[in-house]
Amino acid sequence: MVHTLKAKAVIRPYEPQDHAEVISLWKEVFPDPLWNEPAAVIRRKLTVQPELFLVGYADGRLVATVLAGFDGVRGWIHHLAVHPSHRRRGIARALVVAAEEGLARLGCPKVNLQVRATNTAVVSFYRALGYSIEERTSLGKRLG
């Protein structure tokens, strides 16, 4: 699956040669702590539905990513990232649509995602794509 956008961006599944550019992008755009170490996230994602690890290329370089997955009950979207120099060009929207299409092909009935509550711009972005805030409490536990 390869999508070409008006903004001359191409969306396609991750390939091994994307590794260094994905790490560089994530280190720039995500302020996450050590447990989201990029190389480990990539390694784990490539073991489960690697076709749902999508990248966006524009101007000859990797500028965007999204990870999606389906556990048989719900789909999830993670690590939507667009380099600051390429935002507001439709790349993030196209990545989300491509991820949703991939999830739908797997029979996924619903997609969930999490964003920091303080990241109001990202909440607004997802709401514009049809996502709604669900009154839930997010719990987590580190394993290992």
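**Helix packing and pockets in a predicted model**

The axes of α3 and α4 cross at roughly 55 degrees and come within 11 Å. At that angle, α3 is oblique to α4. As for handedness, α3 passes α4 in a right-handed crossing. Before I go on: this is a predicted model.

Which residues make that contact? On the α3 side they are A92, R93 and V96, and on the α4 side F125, Y126 and A128. Sorted by class, the contact of α3 with α4 has five nonpolar residues, one charged residue and no polar ones.

The other helix pair I want to show is α1 with α2. Helix α1 covers residues 19-29 and helix α2 covers residues 38-45. They pack with their axes 9 Å apart, at an angle of about 125 degrees. That angle makes α1 oblique to α2. The crossing of α1 and α2 is right-handed.

In this contact, α1 brings H19, V22, I23, W26 and K27. They meet P38, A39, V41 and I42 in α2. By class, the contact of α1 with α2 has seven nonpolar residues, one polar and one charged.

The largest pocket has a volume of about 1,900 Å³. Its lining has 46 residues, and the closest to the centre of the pocket are F30, H78, H79, L80 and Q114.

Where does the lining come from? At least two residues each are supplied by α2, β4 (61-70), β5 (75-82), α3 (91-105) and α4 (120-128).

Which element gives the most? That is β5, with seven residues of the lining of the largest pocket. By class, this lining has 25 nonpolar, eleven polar and ten charged residues.

The second largest pocket has a volume of about 700 Å³. Twenty residues line the second largest pocket, and the closest to its centre are L113, Q114, S132, I133 and E134. Two elements are listed as giving two or more residues to this lining: β6 (111-113) and α4. By class, the lining of the second largest pocket divides into nine nonpolar, six polar and five charged residues.

Methods. Residues are numbered from 1 along each chain as its sequence is written. This is a predicted model: local features need pLDDT of at least 70, side-chain atom pairs count only at pLDDT 80 or more; totals for chains, interfaces and linings use all residues. Side-chain values use heavy atoms; hydrogens and water are left out. Axes are lines fitted to C-alpha atoms, for helices over the stretch in contact, and angles run from 0 to 180 degrees between N-to-C directions. Helices (H or I, at least four residues) and strands (E, at least two) are DSSP runs, numbered from the N terminus. Angles under 35 degrees count as roughly parallel, over 145 as roughly antiparallel, 65 to 115 as roughly perpendicular and the rest as oblique. A crossing is left-handed if the near helix is turned anticlockwise from the far one by less than a right angle, and right-handed if clockwise. Contact means heavy atoms within 4.5 Å. Ala, Val, Leu, Ile, Met, Phe, Trp, Tyr, Cys and Pro count as nonpolar, Asp, Glu, Lys and Arg as charged, and the others, Gly among them, as polar. On a 1 Å grid over the protein atoms alone, a cavity is a set of points where a 1.4 Å probe fits but cannot get out, and a pocket is an open set with protein on both sides within 12 Å along at least five of seven lines; lining residues have an atom within 4 Å of a point. Grid points are joined across faces, edges and corners, and a volume is the space filled by probe spheres set on the points.
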